[in-house]
Amino acid sequence: MAGIPFGHVLALSGILVALGVACATARRNLIMILLGVEIMLNGAAIAFAAAALRWQQLEGQAFVLFIIAIAAAEVSVGLALIVHLYHRTGSLDPEKFNTLK
Amino acid sequence: MTYFAAADLTLTAALAATALPLAAFAVILLLTRGFPRVSAALSISAITVALVCAGALLVRHWHLAAPLEYSTLWMAGGDIVVRVGFLIDPLSLLMLMIVALICFLVQVYSLGYMAGDPGFARYYAFMSLFAWAMMNLTLAQTLLQLYIFWELVGLSSYLLIGFWYEKFSASQAGKKAFVMTRLGDVAFFIGILIVLVNFGNLSIAELNSARAGFLPPAVITVAALLIFGGIIGKSAQFPLLTWLPDAMEGPTPVSALLHSATMVAAGVYLLARLFPFFSLSPAALQVCLTVGAVSMLLSATMAMVSRDIKQVWAYSTISQLGLMIMGLAAGDYVAGVFHLTTHAGFKALLFLCAGVFIHTCGGNDMFEIGRRGGRHLKIPMICMIVAAAALSGIPPFSGFFSKELILAALAGRPNSIWLAAGLLGAFLTTYYTFRLIFIILFPRGEAQAHADGHHSAAGYRVMAAPLIVLAAVTLVLGFGEHAFGRFLRQGFPGPVPVPGHHTWLPFAALGLAAAAVGLAWFEFGRRGAAQVGFVERVAPLRELFSRRWYIDDVYRWLLDNVLYRVFSALCAKNDQKVIDGAVDGLGGAMASAGRILAVLHTGSIQFRLLVVSVVVVLLGLYYFV
């Protein structure tokens, strides 16, 4: 297989996941947290696609499709929740939502 | 050894006698508490069956060649085997009969005495509990079994003394009786353990057999003395004698049954039960003799100054129990047990008569009873005089014969001080007995209204019937002395004392009794007597006797200065410093650990996510790198 080595793709996906974690934990904005989660999912999806190519197995690609579908669903639900929260409290700061603490 | 066989008539009777009162107790407490008449009927029918069984056993085994034993294995571990069962020999049959008869009479009497009491059903439940425990005590085959029922009669005594628990003094008296007897019982239990460890067996029959003679003498003496500790507690002997007068706070029939005729006599019964064992240790017998003599004289002096009719009989009970112990310790088994028997009859009678007076005249004070016309109650007055004559040892009443036997046994001792003590005790007994009789019979001061309103004629008749039965028993029992002695001696393994021939002794005793009656007549009976006894004229003596020789004050002092100031203080310190400190320290450590851990719990969702990620990364590193 002439092209990008598998290790490089894995490194890319690892970096993406790490960036997603950093985004989801460091940012004080619910939308950015959701974005971070999306990036982590995409990082994982890249690893699956590369693995499907590496071992010539289609299950990896099927998994990617599932991940994209779930991510879309998750984003729609998440955004709906965020909009609702913003309407209720006028804030997107996750630290404010601590009534259960 | 015979084992359980259902067809055995003796066993069936013994089982019925010892189980039915328990059934009555359970049924009354569980089902019929709200129905006083049903409860009383249950209790009395149970005791009636028990009485019939006891009588049947006594008749069936009147000629008992050897003691019968029925037992079954209860515990076995290593060398130690504990059995439970019945030991049926003349002594236990006799005691069973006494207990059943007096329980029955007192329960019938209580129908009148306790009528209308709000706790009527509870009263009969406790009476049944007592009857059950006491009859099992008498038939117990091993010391451990005896000890269990010994504690159970102590419990029923506590419950019945404190029967009117809303009265503060009654609940206090119950507690005092319980704690003081417990003091002796601790010694008793240690004694049982010593016997068990050294003898490997708690069977009363084996303990009384020749096999016990192979124990080292020191072990026998220590065990006997410790067991005697239990007897001191139960029979209210010196120095644990002050609980019994206080126990008079209970209803009078209870005093008659528990605190004169049967329960306190259990101590003497135990001494008689283990008489061959005690005989192995002359030192222990000497201690018994001394304690008996001291208790007899001390309590007789206390009775000389008391104004409370029940207290006088209580002191006299202690005194007579002391005399029985002296008789046994002097080596005459039959004398001690015979006095126990006659005493059970006439002392129960004295208490029951006192109960009628108290019930009718509404007070315990004998002067008050006299002024309120106690002497007009013909049946109790005559019965009380009969019983008092028996207590004083005046023929032909039963007490004369049994006292004579004991005095003869004491006269057989080489040291004549015991006989002197016995005669002095007899003199004092007659004196205080007739002091009471004359005070009630010849009241001084204006007669007060006959407080006759609160008892019905039916109640009076119910109470009078047991009095007449007991008076008849008191009258005839003494003449059965020889048959009694023959019955008791069969199958008896202990030493048989050589009867001493002291022809002068009955005359000396009678002369002393006559002198005492004369003195009492001179001071209390004759026209114009001041009704102040010779002891009461001497203020320090009166004070000494009425404060019970300051025994209670000594206990108070010991409690305050030793128990509370030393042991309680140490325990409190231990409690506060060591136990509280440990618990508080544990709590404090937990709290600070929690505070440290709380730092991690910021409540931030992102922080948790970070932690999860870090942990996953670290786990990944740990497993894959």
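In this predicted model, chain B and chain A bury about 640 Å² between them, and 57% of that area lies on carbon and sulfur atoms. Eight residues of chain B and 10 residues of chain A take part in the contact.

Two packed helices are described by the angle between their axes and the distance between the axes. For helix 11 (residues 265–273) and helix 15 (residues 333–361) of chain B, the angle is about 160° and the axes are 10 Å apart. Angles over 145 degrees count as roughly antiparallel, so helix 11 and helix 15 of chain B are described in that way. Their crossing is left-handed. On the side of helix 11 of chain B, the contact is made by B:Ala265, B:Val268, B:Tyr269 and B:Ala272, while helix 15 of chain B brings B:Tyr333, B:Val337 and B:Leu340. By class, this contact has seven nonpolar residues, with no polar and no charged ones.

The second pair joins helix 17 (residues 378–392) and helix 20 (residues 457–477) of chain B, which pack at an angle of about 25° with their axes 10 Å apart. Helix 17 and helix 20 of chain B are therefore roughly parallel to each other, and their crossing is left-handed. Among the residues that meet here are B:Lys378, B:Ile379, B:Pro380 and B:Cys383 from helix 17 of chain B, and B:Tyr460, B:Ala464, B:Leu467 and B:Thr474 from helix 20 of chain B. The contact of helix 17 with helix 20 of chain B divides into 10 nonpolar residues, one polar and one charged.

Side chains of opposite charge can pair when their charged atoms come close. Over all chains, the count comes to 16 salt bridges. B:Lys176 lies in helix 6 (residues 168–199) of chain B and B:Asp246 in helix 9 (residues 243–246) of chain B, so the pair ties together parts 70 residues apart in sequence. B:Lys176 also meets B:Asp552 in a salt bridge, here at 3.1 Å from N to O. This pair links distant parts of the chain, with B:Lys176 in helix 6 of chain B and B:Asp552 in helix 25 (residues 551–598) of chain B, 376 residues apart.

Definitions and conventions:
Residues are numbered from 1 along each chain as its sequence is written. Chains are lettered from A and ligands numbered from 1 in the order in which they are written. This is a predicted model: local features need pLDDT of at least 70, side-chain atom pairs count only at pLDDT 80 or more; totals for chains, interfaces and linings use all residues. Side-chain values use heavy atoms; hydrogens and water are left out. Axes are lines fitted to C-alpha atoms, for helices over the stretch in contact, and angles run from 0 to 180 degrees between N-to-C directions. Helices (H or I, at least four residues) and strands (E, at least two) are DSSP runs, numbered from the N terminus. Angles under 35 degrees count as roughly parallel, over 145 as roughly antiparallel, 65 to 115 as roughly perpendicular and the rest as oblique. A crossing is left-handed if the near helix is turned anticlockwise from the far one by less than a right angle, and right-handed if clockwise. Contact means heavy atoms within 4.5 Å. Ala, Val, Leu, Ile, Met, Phe, Trp, Tyr, Cys and Pro count as nonpolar, Asp, Glu, Lys and Arg as charged, and the others, Gly among them, as polar. Buried area is the accessible area (1.4 Å probe) that two parts lose on being put together, summed over both. A salt bridge is a side-chain nitrogen of Lys or Arg within 4 Å of a carboxyl oxygen of Asp or Glu.
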